[in-house]
Amino acid sequence: MGLKSSQKRERQNTKQRARNRTYKSTARTLIRKAFTTIEAGNLEDAKTATGEAVKALDKAAAKGAIHKNNASRRKSRLMSRLSTLEKGA
């Protein structure tokens, strides 16, 4: 049964977990898409996809779904991969 406060906390946690999952899932999907486009070698598409992924990561970090350093690390890896494509092109 539990106390009223613990029941309320459970309801809040459930809602927040659902909210966070959408931000994380969107970011993960866009990151995967960006890496795939970079591997394909199309520079313009890669830049667009990377921009979308960075935006999603920033949003997830701003909403607290992921830590800001986590977002920063993922953006750094994306950008370094993109820069190798730019150097090769």
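Start with the whole chain selected. Of its 89 residues, 25% count as buried. Keep in mind that this is a predicted model.

Now switch to a cartoon view. Look for three helices; there are zero strands to find. Trace the chain along its sequence and the pattern reads α-α-α. The chain is more spread out than a compact globule, because its radius of gyration is 17 Å, well over the 12 Å that the globule rule gives for 89 residues.

Next, show the C-alpha trace alone.

Bring the contacts in. Residues 24 or more positions apart account for 59% of them.

The chain exposes about 6,600 Å². Carbon and sulfur atoms supply 50% of that area.

Colour by charge. The chain carries 23 positive and 7 negative charges. How far apart are the mean positions of the positive and negative charges? They lie 14 Å apart.

Now select Gly2. Gly2 sits in the segment before helix H1, which covers 4–40. Is Gly2 buried or exposed? Its relative accessibility is 53%, so Gly2 counts as exposed; the cut-off for exposed is over 50%.

Terms used. Residues are numbered from 1 along each chain as its sequence is written. This is a predicted model: local features need pLDDT of at least 70, side-chain atom pairs count only at pLDDT 80 or more; totals for chains, interfaces and linings use all residues. Side-chain values use heavy atoms; hydrogens and water are left out. Helices (H or I, at least four residues) and strands (E, at least two) are DSSP runs, numbered from the N terminus. The radius of gyration is taken over C-alpha atoms; the globule rule is 2.2 Å times the number of residues to the power 0.38. Buried means under 20% relative accessible area, exposed over 50%, partly exposed in between (1.4 Å probe, protein chains only). Contact means heavy atoms within 4.5 Å. Accessible areas come from the Shrake-Rupley method with a 1.4 Å probe; for residues, only the protein chains shown count as cover. Lys and Arg count as positive and Asp and Glu as negative; His and the chain ends are not counted. The place of a charge is taken as NZ of Lys, CZ of Arg, CG of Asp or CD of Glu.
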